[in-house]
Amino acid sequence: MAGYDDVLAEAETHGIAFRRLKELREPLCREMLAYWKEVRGDRAMPRPDEINPVRFARHMPNLLMVQVNWEPFDLTYRLLGGDVVNAHGSNFRGRRVLDSQSHTGRFSEVLYSFYKFVAEEERPYAVAGTMEYVARGFVSVEAVYLPLSLDGKRTDRILGATVSKELPGRGN
């Protein structure tokens, strides 16, 4: 993907880096990945309508859903759980990813490029690190992003499970 190295470099300036899926530490992230794999079976991605929110209702505050539009390419937040909204300091549901400014610098552009990468690669990715939110200051973050497909050929949604925790003594 053109510009992918730039995405990695910009994410790293914000304190975020890829984490191997097998190195996920947060129980929520591990559980959501296991659920995604179970529903997917031997296909590349499960369908959005196969995801049963009852199975992970207790995790809803930590989940987000991004809609992927291909022609023209764009990304829109469709679901933001309460903890995600609190971390960002605002509810971006229904807004384009590029129009959602909650991080310092140009991190919305980094998120856009990252979500596009996940959509194009059609496989889960995990990230972790320490980053700065406009509303909360510095937090530790771990997240897993899981692509979903209506037709089994391309990503239509990305389900994200994210855990952010306040960092003591960092000016929060």
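Rings of Phe, Tyr and Trp are taken to pair if their centres lie within 6.5 Å. In this predicted model, Phe18, Tyr77, Phe92, Phe114, Tyr115, Phe117, Tyr125 and Tyr145 form one aromatic cluster. The structure holds twelve aromatic pairs. One of them joins Trp70 and Phe73, with ring centres 5.1 Å apart and planes at 70°. Angles over 60 degrees count as edge-to-face, so the pair of Trp70 and Phe73 is edge-to-face.

The overall fold can be outlined next. The protein has four helices and six strands. Along the sequence they follow the pattern α-β-α-β-β-α-α-β-β-β. The protein has 172 residues, and buried residues make up 48% of them. The exposed surface comes to about 8600 Å². Carbon and sulfur atoms supply 47% of that surface. Contacts also reach across the sequence. Among those between residues at least 6 apart, 55% join residues at least 24 apart.

Strand β2 covers residues 63-70. Six of its eight residues are buried, and the strand is mostly covered. β2 pairs with β3 in the antiparallel sense, over seven bridges. The two strands form a hairpin, with two residues between them. Trp70 stands opposite Phe73 of β3. Trp70 is partly exposed, with a relative accessible area of 23%. Phe73 has 18% relative accessibility and therefore counts as buried. Phe73 also has a charged neighbour: Lys116 lies over the face of its ring, at 5.1 Å from the ring centre. A further case of a charge over a ring involves Arg123. Its charged end sits over the ring of Tyr125, 4.2 Å from the centre.

β2 also pairs with strand β6, residues 157-166. These two strands run antiparallel and are joined by five bridges. Within this pairing, Leu63 has Ala161 of β6 as its bridge partner.

Thr76 is found in strand β3, residues 73-80. Thr76 counts as buried because its relative accessibility is 7%. Beyond residues up to four places away in sequence, Thr76 touches Met65, Val66, Gln67, Asn69, Gly94, Arg95, Arg96 and Val97. Thr162 lies in strand β6. Its relative accessible area is 11%, so Thr162 is buried. Leaving aside neighbours within four places in sequence, Thr162 is in contact with Leu28, Asn62, Leu64, Val84, Val141, Glu142 and Ala143.

The largest nonpolar core has 30 residues. Val66, Leu75, Tyr77, Val97, Tyr115, Tyr145 and Ile158 have the most contacts inside this core. The elements that give two or more residues to it are β2, β3, α3 (82-88), α4 (107-121), β4 (125-133) and β5 (137-148). Helix α4 gives the most, with nine residues. Tyr115 shows how this core is joined. Leaving aside neighbours within four places in sequence, Tyr115 is in contact with Leu64, Val66, Leu75, Tyr77, Val97, Tyr145 and Ile158.

Lys37 has 41% relative accessibility and so counts as partly exposed. Lys37 and Leu146 are 109 residues apart in sequence. In space, their C-alpha atoms are 9.4 Å apart.

Note on methods: Residues numbered from 1 in each chain as written. Predicted model: local features only at pLDDT ≥ 70, side-chain atom pairs only at ≥ 80, totals over all residues. Heavy atoms only, no water. Buried < 20%, exposed > 50% of the residue type's maximum accessible area, 1.4 Å probe, protein only. Contact = heavy atoms within 4.5 Å. Pairing = 2+ DSSP bridges. Phe/Tyr/Trp six-rings, centres within 6.5 Å; stacked < 30°, edge-to-face > 60°. Lys NZ or Arg CZ within 6 Å of the ring centre and 35° of its normal. Areas by Shrake-Rupley, 256 points an atom, 1.4 Å probe, with all protein chains shown as cover. Core = buried A, V, L, I, M, F, W, Y, C linked by side-chain atoms within 4.5 Å.
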